[in-house]
Amino acid sequence: MALLVVGALLCISCWVSLYFLLCNLNGSRSCEWNCRLVTLVHGILAVCITGYIGYVDGPWPFTYPGTKNTPLQISAMLVSLGYFIFDVAWCVYFRTEGPVMLAHHTVSILGILVTLWLGESGIESCAVLFGSEITNPLLQARWFLKQTGRYGTRTGDVVDVLFVLLFVLMRVFVGGTMLYCELSSPRPRFFIKCGGVAMYALSWVFMVDIVRFAVRKSKRWQKQKADRREAAVAANGHDGKTD
């Protein structure tokens, strides 16, 4: 347990150090810009590590939930635990996030702590981290495109579509399948199952916002298409009168 505490403190220190390093290197950028760079790094790193755990190192999370934690699973959870603690502290200090995101981070922290304390169900935690963080790079890309004035381009549209599709696929369908396997298996502890239900419920809270966003985005695209069509008709009509 002492090694876990030391590992967690070391990971927190690394994320904090990376943030301040980016602040020094990007002095002209805002604090949120640098914090989102840290978030982007964590998202990519977490997806790579947990993806390797799930698809290569094993065990397969849908078949063997509730198994003992492996050293690689523990390392992945410590890395993400350090990041979530840093990010919660940053969000609370700068008051940038609402209660839903803070609840998501809090449940993630508690889930990782319980998994590390029990010494089991690490594969489920890594699977949840993979599903949660795989959309993170797209979310950060969307924010950076907005900040640089490129969100209204074709690139912004592609990022939005990929984000929505990936979120629905991973959080709703794959996440739902993972939750079913977790609840139907006799191995995971009861409060681990409760944590899985809580994370899935939060995914649906995010899903409601995403559906609203997708509807607004679709209406905006339809309006832009109609405006372009009207402009083309007007231009053709003007050309005909000129002739």
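A salt bridge here is a side-chain nitrogen of Lys or Arg within 4 Å of a carboxyl oxygen of Asp or Glu. With that criterion, a search of the whole structure turns up 5 salt bridges. Keep in mind that this is a predicted model, where local features need pLDDT of at least 70, side-chain atom pairs count only at pLDDT 80 or more, and totals for chains, interfaces and linings use all residues. Residues are numbered from 1 along each chain as its sequence is written, and side-chain values use heavy atoms, with hydrogens and water left out.

Let's start with the bridges inside helices (DSSP runs of H or I, at least four residues, numbered from the N terminus). Glu 32 pairs with Arg 36, with the closest N and O atoms 3.1 Å apart. Both lie in helix H2, 4 residues apart, about one turn of the helix. Arg 36 counts as buried because its relative accessibility is 17%, where buried means under 20% relative accessible area, exposed over 50% and partly exposed in between (1.4 Å probe, protein chains only). Glu 32, at 25%, is partly exposed. In helix H8, Arg 212 and Asp 209 are 3 residues apart, about one helical turn, and their side chains meet in a salt bridge of 3.8 Å, N to O.

Another bridge reaches further along the chain. Lys 68 and Glu 120 form a salt bridge whose closest N and O atoms are 3.8 Å apart. Lys 68 sits in the loop between H2 and H3 and Glu 120 in the loop between H4 and helix H5 (122-133), so the pair ties together parts that are 52 residues apart in sequence. Lys 68 is exposed at 61%, whereas Glu 120 is buried at 8%. Together with Arg 189, Lys 68 and Glu 120 are linked in a network of salt bridges.

Gly 66 is found in the loop between helix H2 (31-57) and helix H3 (71-94). Beyond its neighbours within four places in sequence, Gly 66 has contacts (heavy atoms within 4.5 Å) with Glu 120, Ser 121, Glu 124, Arg 187 and Pro 188. Gly 66 is buried, at 12% relative accessibility.

What about His 104? This residue lies in helix H4 (residues 99-118) and is buried at 6% relative accessibility. Not counting residues up to four places away in sequence, His 104 touches Ser 132, Arg 171, Met 199, Leu 202 and Phe 206.

Finally, Leu 9 belongs to helix H1 and, at 52% relative accessibility, counts as exposed. The C-alpha atoms of Leu 9 and Gly 66 are separated by 26 Å.

Definitions and conventions
Helix = DSSP H or I, 4+ residues; strand = E, 2+ residues; numbered from the N terminus.
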